[in-house]
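Let's take a walk through this model, ring by ring and strand by strand. Have the viewer open and follow along.

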Amino acid sequence: MLGVGIDFAEEFHLVALGRPGEGVIDIRRVEHTPEDLRRLFGAINELEPDPAEVRVVLETRHGMLVEALVDAGYTVVPVNPDLVARRRGPAKKKDDAEDARIACLIALDRFERLRPLIPHGEVAGELRAIARDDERAARDERRLLNRLRADLIATFPAALEIAGADLGAPTFLRLLEAWPTAASLREVPRDELVAFARSGRHGWPERFANQVVSSVSAENFVAREHLVAAKASTIRLAAAQLLLIGTQRRAWERRMGELLLGGPRRGRDHIVKDPDLGKAFPGGEIYLSFPGLGDRLAARVAAEIGEHIEQFDTPNSLQSYAGKAPVTRRSGKSELVVSTRLACNRYLRDAVQQWAFCSLSRSGWARVFYDAQRARGKGHHAALRALGNRWLEVLWHCVRNRTPYEEEVHVTNRKRYLQAAA
């Protein structure tokens, strides 16, 4: 067996090669180019002709380098950077060559429990990329909305009355894009506002026009003219950006639903007719059967878990991967300490936390469980972590057994378990 440790970077990588019983035998610099990678693979093949006997350890599971290693047939083992950091010297000095050497020694350590990378397929890879981009776009959307609200408070407070509780409504954003100041909007006739709302497919164009006229006609604070002129283009830019983000997120949501079920939903009941199972995420309909998981959130959870649920031997391994299984510590006579797990997939962690929150209004037992956790003195987020931990256990069993979730069945099984435990 040949051990390979890689300290990756953007422009070049440091690679350490080693054999069992000999340790590290070579450390070299490899540029991040196809030519240099082919040269590295040639050197590896000279030392170990069988690609299945090459074990590569590095601190990431994504990127073109990882894809090239997987395509070459090597066993790729991604590890947490903390695992490498704990094996540095007493001074804990960070050095790229030393990190590559440590990664190589980890690859050669037959006692270290490491999980080889199981790469995503095409459907899961696309679903994960879209879900992560959508989650980042949601953060950008919230940031832009907060910035827009601050600008409107400073220069155009009447716009907040027009928007009401939905500052990100498409019709309102298009209104700001066309008339970003109170003075310009005040000059627009009511009939033009009605036509504007109707062209944007607003449900109540007459009511919208009346709200606009009423708000801009009411007495409001008036900002300095130079500030209004300076912020007009900023408000117009924020509105245009939010409209683009909203349009793209809706397109992503439709695509995520297609990837989960194998085709677009049609009709009033939103049923997929003649789904193409070859282009569907395995078990996508199972994820969507859980309360609190819509197309967007189900895609985030499913994409991070991946197509191969069998890589998680037990529910606890999935719970630990998602950061929901608590970390317990006991030393000597000290009391048991429970803390939050930080070494995890943060994308899955955040998605499951949101799932647990959304399930409170859609699942009776989830609400009862959450209230019981709060009654025991746990905070809101701690109670959601505990609930997410339970949801992942149920999800693991359903996906492994290829069985959609049914609330009545789960409640019956849960009652039976609690009665036996009592």
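W355 and W391 are both buried, where buried means under 20% relative accessible area, exposed over 50% and partly exposed anything in between (1.4 Å probe, protein chains only). Before going on, a word on the source: this is a predicted model, in which local features need pLDDT of at least 70 and side-chain atom pairs count only at pLDDT 80 or more, while totals for chains, interfaces and linings use all residues. Residues are numbered from 1 along each chain as its sequence is written, and side-chain values use heavy atoms, leaving out hydrogens and water.

Back to the tryptophans. F290, W355, W365, F369, W391 and Y405 make up one aromatic cluster; rings of Phe, Tyr and Trp (its six-membered ring) pair if their centres lie within 6.5 Å, and planes under 30 degrees apart count as stacked, over 60 as edge-to-face and the rest as tilted. Across the whole structure, a search turns up 11 aromatic pairs. (Helices are DSSP runs of H or I, at least four residues, and strands are runs of E, at least two, numbered from the N terminus.) Both W179 and F196 are buried.

Strand 1 (residues 2-7) runs parallel to strand 4, joined by four bridges, with G5 opposite V57. Strand 5 (residues 75-78) also pairs with strand 4 in the parallel sense, over four bridges; strands count as paired if DSSP finds at least two bridges between them. There, T75 is the bridge partner of R55.

The charged end of R29 sits over the ring of F12, 3.7 Å from its centre, and that of R132 sits over the ring of Y347, 3.9 Å from its centre. To count, NZ of Lys or CZ of Arg must be within 6 Å of the ring centre and within 35 degrees of the ring normal.
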